[in-house]
Amino acid sequence: VTKKLEKKTVVINVLNEGDVFGEMGLISKSNRSANVVALSEATIGIIDRETFDNLLKNLPEDIQGIMKALVERLRFTSAQLSKIGVQFEKMKQTMQS
């Protein structure tokens, strides 16, 4: 899983068999915040937005709100950690010069 930041591509996670991706965009109904590229042959399953929304409607509204809040907090934290990673790399390069 990579994220583009300040013209750099930052690896923010490595997924394994059975892991899920794309859930943040489905829950928050927003654009994706990262890219996923398979490093080897992979089989993936797809849940379209309509199917997901129908499943989500079956949850109590309180739970839906909690899920959306968690996604927004995770999105914010991921962005902050990505920025820190880029700053760390810059500092490391400066120290090695």
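I begin with glycine 45, which is found in the loop between H1 and H2; helices (H or I, at least four residues) and strands (E, at least two) are DSSP runs, numbered from the N terminus. Glycine 45 is exposed, its relative accessible area being 71%. For that term, buried means under 20% relative accessible area, exposed over 50%, and partly exposed in between, with a 1.4 Å probe and protein chains only. Along the chain, glycine 45 and valine 20 are 25 residues apart, and their C-alpha atoms are separated by 9.4 Å.

A word on the source. This is a predicted model, in which local features need pLDDT of at least 70 and side-chain atom pairs count only at pLDDT 80 or more, while totals for chains, interfaces and linings use all residues. Residues are numbered from 1 along each chain as its sequence is written, and side-chain values use heavy atoms, with hydrogens and water left out.

Most residues other than glycine have a negative phi. Lysine 29 is exposed, at a relative accessible area of 51%.

How many salt bridges does a search of the whole structure find? The search finds 2, where a salt bridge is a side-chain nitrogen of Lys or Arg within 4 Å of a carboxyl oxygen of Asp or Glu. In one of them, the side chain of lysine 29 meets that of aspartate 53, at 3.9 Å from N to O. This pair links distant parts of the chain, 24 residues apart, with lysine 29 in the loop between H1 and helix H2 (49–57) and aspartate 53 in helix H2. Aspartate 53 counts as buried, at 15% relative accessibility.

Glutamate 89 and lysine 92 form a salt bridge too, their closest N and O atoms being 3.7 Å apart. Both residues lie in helix H3, 3 residues apart, about one turn of the helix. Lysine 92 is partly exposed, with a relative accessible area of 34%, and glutamate 89 is partly exposed at 33%.

I turn now to lysine 3, in strand S1. Is lysine 3 buried or exposed? Lysine 3 is buried, with a relative accessible area of 14%. It has no salt bridge, and the nearest side chain of opposite charge, glutamate 72, is 11 Å away; here Lys and Arg count as positive and Asp and Glu as negative, while His and the chain ends are not counted. Neighbours within four places in sequence aside, the residues in contact with lysine 3 include Lys8, Val10, Ser33 and Ala79, contact meaning heavy atoms within 4.5 Å. Asparagine 58 lies 55 residues from lysine 3 in sequence and 32 Å from it in space, C-alpha to C-alpha.

Glutamate 6 lies in the loop between S1 and S2 and counts as partly exposed, at 47% relative accessibility. Leaving aside its neighbours within four places in sequence, glutamate 6 is in contact with Val86 and Lys90.

I close with the largest pocket. A pocket is an open set of points on a 1 Å grid over the protein atoms alone, where a 1.4 Å probe fits, with protein on both sides within 12 Å along at least five of seven lines; lining residues have an atom within 4 Å of a point. The largest pocket is lined by 42 residues, and Val1, Leu15, Val20, Phe21 and Val36 lie nearest its centre. Strand S1 (2–5), strand S2 (8–11), helix H1 (23–28) and helix H3 (61–96) are the elements that give two or more residues to this lining.
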